Amino acid sequence: MSQSREKSELGLFDLEAPGIGPTGRPLPHIPEVTPPAPGPKRAQIVAMTNQKGGVGKTTTTINLGAALVETGRKVLLVDFDPQGSLSVGLGVNPHTLERSIYNLLLSKDYTFDDVVLDTVVDGLDLLPANIDLSAAEVQLVSEVARELTLKRVLEPVRDRYDYILIDCAPSLGLLTVNALTAADGVLIPLECEFFALRGVALLTDTIAKVTDRLNADLQMIGILATMFDSRTLHSREVLDRVVEAFGDKVFHTVIRRTVKFPETTVAGEPITSYATSSAGAQAYRDLAREVVNRCRAV
Ligand SMILES: Nc1ncnc2c1ncn2[C@@H]1O[C@H](COP(=O)(O)OP(=O)(O)OP(=O)(O)O)[C@@H](O)[C@H]1O
Ligand SMILES: [Mg+2]
């Protein structure tokens, strides 16, 4: 580790004597992430899924993506929500988009390169979406192999990226099933509030069905506790319950509640560039470290 780094910039896993982490468990040693090996790429595809709204799926997609780019990885973010929040969070106006992921899903006249956009972060690409995507959900119903549509779009570009992160809509409909079918792994953000665990059984049931019928290789990468407020006993209790329910699947990294995240949406850029030495940016760097090590392990 570089001597010049400020103590405030040190991550959870850089401490000399690791202690108890924010989830209440002893912190393991998690190796620092080195740049990817040169040579052909084959992207790990990760779906950010939770049918509950407002739990941090989009925030995690943007900031984990940007943190992975800082480690030298090339990353594609896929907006798979008709709300287009991921596109907005990266400074794209979904209303004025001429082409979006909708065209790739439903027409053969467009190529990936017609639709993909650069973002403010070098090495971070975006497949944008807007309200048209809600029509895709209806139109896909009558297609053959309708669950495999996104997989067909992403498969040919896997050799261009190290990671492809899919930001799902708050639903368990056909779009989310497409995301889970295209993915190697699923990451579930859970908000640290009272109803966080409600509906998780339905989500894990959907994941089990997709694994059984469509994508036998799908792995659960981890559960991410978000919007944690260390000042409230309530947040602590919810986090304890999440760890009790999911054990080792829960990431040691916990994302705290801070107004910096809504600010980054307005700014249209990730927290890693908007407030580069903030605790929020560091938390997503810690998460990137855990994700890379977990993806390597499977
Ligand atoms: N750690 C955090 N602290 C404070 N606010 C946050 C945090 N993470 C996300 N937010 C804010 O909470 C709102 C919901 O977050 P986000 O859009 O990431 O959730 P989502 O799960 O993608 O929502 P949806 O289900 O609508 O797609 C946003 O305004 C976002 O800026
Ligand atoms: Mg979202």
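Q: Which residues of the largest nonpolar core touch the most other members?
A: This is a predicted model, in which local features need pLDDT of at least 70, side-chain atom pairs count only at pLDDT 80 or more, and totals for chains, interfaces and linings use all residues. Residues are numbered from 1 along each chain as its sequence is written. A nonpolar core is a set of buried Ala, Val, Leu, Ile, Met, Phe, Trp, Tyr and Cys residues joined through C-beta atoms within 7 Å. Of the 82 residues in the largest one, those that touch the most other members are Ile101, Ile164, Leu165, Ile166, Ala179, Ala183 and Ala225.

Q: Which helix gives the most to this core?
A: Helices are DSSP runs of H or I with at least four residues, and strands are runs of E with at least two, numbered from the N terminus. The helix that gives the most to this core, with seven residues, is H12 (residues 279-297).

Q: How many residues of strand E1 are buried?
A: A residue is buried if 20 or more other C-beta atoms, placed from the backbone, lie within 10 Å of its own. On one side of E1, Gln44, Val46 and Met48 are buried, and on the other Ile45 and Ala47 are. For E1 (residues 44-48), the count is five of five.

Q: Which residue in E5 stands opposite valine 46?
A: Two strands pair if DSSP finds at least two bridges between them. E1 and E5 (residues 163-168) pair in the parallel sense over five bridges. Opposite valine 46 stands leucine 165.

Notes:
Chains lettered and ligands numbered in written order. Buried ≥ 20, exposed ≤ 12 C-beta atoms within 10 Å, placed from the backbone.
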